[in-house]
Structures are given as C-alpha cells and as structure tokens.
Amino acid sequence: MTDTTLPVQTPDGMVFMLHAAGILPRLAAFWLDSFFQGCIWLVATIVCAAAGITGGWLQFLLLFGIQWVYAALAEIIGRGASPGKRILGIRAVMIDGRPLDAGAAILRNLLRFADFYGLLGFLLPLETKGFRRLGDLVAGTVVVTDPGRDVPRAPEMPVLPEEVLSPDFHRDGRGYRAATEFSRRTGELGPDLSAELARDGLAAFFRDPDALQGGHESGGGGGDPSRNMARVTAWFIRRRAP
Amino acid sequence: MNEMRFIQRRESEWTWLEARLEARPRRRFNSVHDACRFPLAYRRVCRDLELARHHGMSGVLVQRLNSLASRSHHVLYASRGQTTGALLADRISAFPRAVRKEIRLVAVCLAIFWGLALVGSLWVLQDPSRADLVMGEGGADALRKMYDPEAEHFLRPRGVSGDADMFGYYIMNNIGIGFRSFSLGILAGVGSLFILGFNGLFLGAASGVAIQSGLSGTFFPFVSGHGAFELTGLILYAAAGCRLGWALVSPGPHRRGRALFLAGESAFPILAGSTVFLFIAACIEAFWSSRVMAGELKLAVAAFLWAVVGVWLVLGGRRREGP
C-alpha cells in the first residue's frame with residue numbers, strides 16, 4: 001500500500017493532511033484538458049472565420065496558445081484546477097499547502113514537455129512521494145484531491161445494543177476508535193466480512209475471545225462476533241458519556 | 001472528552017466557517033467583524049483537529065476538521081497581491097539580476113552558441129555544398145531566394161506572407177523553440193545544449209551561404225536587428241534549462257528534489273525575461289527587419305539594440321540588489 005497523505009506544517013504549529021491524487025485521475029484530467037484544447041481550437045477557428053478574421057497569423061497564435069499557454073493559464077485562473085482537474089476533483093497546490101502561485105503554474109506546465117521524453121513523466125511519479133512529476137519538483141507543487149470535495153457533513157453514530165460488554169484491555173484512544181469505526185461501518189460490510197473483522201477486533205480486546213463467545217451462547221448476547229463488537233462499542237460510548 | 005458533546009458545542013462555528021469557505025472569494029466576508037473572526041475560527045479549528053486526533057474521535061470527524069483546517073489555511077495564507085506597479089518593477093529588475101547570478105552557465109551557453117556559429121560559417125564557406133547538411137534539403141536555395149532583392153519572397157520566409165503572419169509565425173516558432181530548450185534542460189542540460197548548439201550551427205551555415213552567394217548586404221542587416229533580442233533570448237533559455245539540469249547533476253548540499261525546486265526559483269526570472277525578449281524580437285522581425293531600406297541604417301539600429309541589451313543585462317536592477 002502506498003501512503004498518499006502528505007503532512008503540511010502550518011505557521012500556527014499545526015499539522016494537516018493533504019491527499020496526493022493518484023496517477024489515474026491525473027491522466028484522466030490530462031486527457032480531458034487535451035479534449036478541451038481541441039474544442040477551443042475548433043470553436044476559435046469557426047468563430048474567427050465567421051467574423052471574417054482569417055490568415056496564417058491566427059493559426060500560428062492559436063496553436064501557440066493551445067500548446068504552451070492553455071495549461072498554465074487554466075491553472076492560474078482556476079486556482080490550481082484546470083477544467084479537467086476540476087471535473088476529476090483534483091487540484092495543484094504548493095507543497096506547503098498554499099494555493100498555487102502563477103510562477104509555479106507556468107513552470108510546472110512548461111516542464112510537461114520534458115515529461116514526455118523517455119517516459120520520465122510516468123516513471124518519476126511512481127518513485128516520488130505524492131506522485132510528483134518533474135514539473136512538480138521544479139515548481140514545488142503537488143496535485144492533491146480537492147480538500148473541499150466529498151466532506152462528510154456530520155458523523156452518524158450507530159444504533160447500539162442496550163447491554164454493554166467490558167473489554168479486558170484497551171488502548172484508550174485507539175480502542176475507542178477501532179470499536180466505533182467498526183460499528184459505524186458494519187452495515188456496509190456484509191455479514192461475513194463483518195464477522196471476520198469483528199473476530200480480529202475481539203482478539204485485541206479480550207484475553208480469550210473464543211471463551212467469550214462460548215460463555216454467551218447460553219446468555220443473551222450469543223456467539224455473534226459482530227454483535228459482541230457492538231456491545232464493546234456501547235461500553236466505550238456509555239463509559240465516556242455520563 | 002465526549003465526542004457528541006464536543007460536536008454539539010463546536011458545530012456552530014464549523015458551519016459558519018464552512019459557509020465562509022464555500023462563498024465566492026469576493027462575497028466571503030460581509031463585514032469587518034466576519035473578516036476578523038476568520039483567523040480566530042481557523043486557529044480554533046486547528047485546536048479542534050488536534051483534540052479530535054488526540055482523543056481518537058471518529059474518522060469522519062477528524063476528516064471533516066482536517067478539511068476545514070486545510071481549506072481555511074488555503075484562504076488565510078494565500079499570497080496577497082502587492083500593487084501592480086511595484087510587482088512589475090520587481091519582476092523586471094529580477095531578470096538581469098538572475099542572469100548575472102548564473103553568469104557561468106550563461107558564459108558557457110554564449111561560448112557554445114557563438115563558437116558553433118563560427119565553426120558552421122567557416123565550414124560552409126570552405127565547401128558550399130555542406131550547407132544542406134545543416135539546413136536540410138534545399139535549405140540553402142530557400143535562403144538565397146529570401147535574401148535576393150530581385151526575388152518575389154524578399155525578406156519573407158517560405159509560405160508566409162504579410163507582416164501579421166510573420167509575427168504569428170515568429171511567436172509560435174521561436175518561443176516554442178525557447179520553451180522546448182528550457183524544458184529539455186532538465187535532462188542534465190543535454191536537451192538545452194543540443195537545441196542551442198544546433199541553432200548556432202544553423203545560423204553559422206546560413207551566414208556562410210549568404211556570404212558565399214554575395215547576399216551579405218541584405219542578410220546581415222535583416223538578421224542583426226531582432227537578433228539582439230532573439231539570439232540573446234535563445235541563449236538565456238538554454239542557460240535557464242541548464243540551471244535545472246545542473247541541479248540534477250550536482251545538487252550541492254541539498255537532496256535532488258529540493259535542489260530542483262531551488263533551481264526552478266532561480267531559473268524562473270530568466271525564463272520569463274527571455275520570453276519577453278523573444279516577444280520583442282518577433283515584433284522587430286515582423287514589422288521592422290522586413291522593411292526594405294538602406295542596409296547602413298538597419299545596421300546602425302541593430303548596433304544600438306545590441307548595446308541596449310548588453311548594458312541592461314550588465315547594469316540593470318543593481319539598485320534593487322539585496323545583500
């Protein structure tokens with residue numbers, strides 16, 4: 001597994017995480033932008049022809065604009081997100097988390113040309129942290145998933161059973177988090193996977209998880225590991241919420 | 001720390017901050033009060049994020065606070081613009097300073113370009129049939145036609161007619177070459193030096209053909225005027241490209257990624273300045289060099305332009321030079 005999180009240390013002494021965008025969404029954004037470049041060329045040519053502006057100079061300037069100016073300008077205007085990137089929900093930012101500045105936008109897009117030589121543009125991102133290509137290294141930028149996109153509004157707490165199960169041992173923060181996260185997601189996982197994960201989780205909370213299941217067979221809870229896990233969660237929540 | 005109570009207590013400020021972040025930049029703050037509250041809200045969200053992480057609160061909550069903090073940071077630490085005039089003056093004077101800072105690379109590129117130009121012209125003068133090796137099949141003939149005062153296409157490249165066409169062509173072709181040369185410099189400088197060297201050789205071969213065909217009276221007045229900006233610009237693009245490549249070869253006390261970033265910072269003013277140079281060159285080439293007039297006048301103007309470029313690169317921006 002590749003870790004895509006990039007910690008950013010702010011002047012306020014705080015650290016937040018940026019999530020580097022993967023190679024595939026970036027390629028898709030590149031293709032989309034290439035498509036838009038083609039569209040711009042077509043529309044501009046038709047409009048100018050209709051307006052009676054023709055001549056070689058127009059084609060020369062249009063080609064120059066599309067080949068060299070479009071990418072940088074689109075990123076400057078979109079504050080790091082060209083139209084293709086915006087659609088894919090990714091954005092180029094400075095490596096220290098600040099918005100992309102104009103100089104960096106120009107540098108990283110000019111160096112795109114060198115990226116096509118010897119597959120550098122495809123191999124280097126696999127090697128650098130945050131999938132940065134040559135242009136990113138020179139300009140000091142990185143492409144991240146847009147932090148403003150798909151933010152969960154408010155965490156939903158799962159419905160928990162009345163009876164609680166007190167674990168034999170628990171690391172305070174981590175145990176609480178593992179149990180609540182599990183109960184929150186158990187609905188999405190499906191019964192088999194959920195039971196498997198719950199067995200692993202219970203092994204971390206109890207000295208003898210098998211005995212636990214057996215012991216509750218006759219009682220109320222039964223041997224269902226998912227249910228036992230929910231009861232552990234209930235214990236964490238109730239214990240913490242007076 | 002009870003997660004539910006924590007959320008209840010802080011939710012109103014998070015919602016407020018979210019609304020500010022989603023508003024359009026110009027509508028972000030409706031009052032001075034709002035604007036003053038923003039940095040405070042940002043710091044409190046930073047604290048909330050640390051609290052949520054420390055107490056192992058739910059992943060979604062941490063994720064939401066992380067998003068709030070990083071987006072607020074984005075807004076708070078966006079570079080605010082200086083006045084346009086001051087910014088422009090700073091950028092303009094940065095160009096000659098950056099060139100002087102990289103004087104060794106610039107000197108190498110100058111030597112390679114002019115050296116190969118000299119070699120090329122001598123080589124072609126010895127045997128005129130060699131010109132096509134450098135200039136491509138029929139290149140020498142096309143050149144003779146372009147600079148022959150009797151010819152139909154006098155002072156116009158093939159397939160191009162009219163000043164505006166030439167302007168567009170020079171922008172696309174020359175600045176395109178410059179950008180390629182800069183970009184390929186990152187391959188340890190090889191790409192830049194190849195493009196630079198080839199252009200030097202080409203210029204040499206072309207002038208060899210012109211001298212040998214007795215067209216120096218039209219060739220040199222045409223080339224020298226815009227050459228002050230065009231050739232200097234091309235050489236500086238290559239120097240900027242080599243700056244990147246050199247950072248890769250010899251990163252000094254830094255890691256290569258960091259060295260590349262620093263190289264980008266010092267190469268950028270050269271890149272920007274060269275682009276302006278080539279833009280000026282395209283204007284001169286399309287609207288001045290192609291005028292049919294006395295060669296002496298053109299040469300005098302050219303000498304003046306070369307002097308301006310040289311003096312400005314050597315002396316420009318010294319007043320703003322830092323310690």
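Predicted model: local features only at pLDDT ≥ 70, side-chain atom pairs only at ≥ 80, totals over all residues.
Me: Where in chain A is R79(A) found, and what is its phi near?
Reply: Most residues other than glycine have a negative phi. R79(A) is found in the loop between α2 (56-77) and α3 (83-88) of chain A. Its phi is positive, near 45°.

Me: Is R79(A) buried or exposed, or partly exposed?
Reply: Buried needs under 20% relative accessible area, and exposed needs over 50%. R79(A) has 48%, so it is partly exposed.

Me: Which loop of chain B holds A188(B)?
Reply: A188(B) is a residue other than glycine with a positive phi, near 55°. Its relative accessible area is 42%, so A188(B) is partly exposed. The loop is the one between α8 (163-184) and α9 (190-212).

Me: Are α7(B) and α9(B) parallel, perpendicular or oblique?
Reply: Helix α7 spans residues 139-147 of chain B. Its axis and that of α9(B) come within 10 Å and cross at roughly 60°. Roughly parallel needs an angle under 35 degrees, and roughly perpendicular needs 65 to 115. Therefore α7(B) is oblique to α9(B).

Me: Is the crossing of α7(B) and α9(B) left-handed or right-handed?
Reply: The axes of the two helices cross at roughly 60°. The crossing in which α7(B) passes α9(B) is right-handed.

Me: How do the residues of the contact of α7(B) with α9(B) divide?
Reply: From α7(B) come A140(B), L143(B) and R144(B). They meet A206(B), V209(B), A210(B) and Q212(B) in α9(B). The division is 5 nonpolar, 1 polar and 1 charged.

Note on methods:
Residues numbered from 1 in each chain as written. Chains lettered and ligands numbered in written order. Heavy atoms only, no water. Helix = DSSP H or I, 4+ residues; strand = E, 2+ residues; numbered from the N terminus. Buried < 20%, exposed > 50% of the residue type's maximum accessible area, 1.4 Å probe, protein only. Axes fitted to C-alpha atoms, helices over the stretch in contact; angles between N-to-C directions. Parallel < 35°, antiparallel > 145°, perpendicular 65-115°, else oblique. Left-handed = near helix turned anticlockwise from the far one by under 90°. Contact = heavy atoms within 4.5 Å. Nonpolar A, V, L, I, M, F, W, Y, C, P; charged D, E, K, R; others polar.
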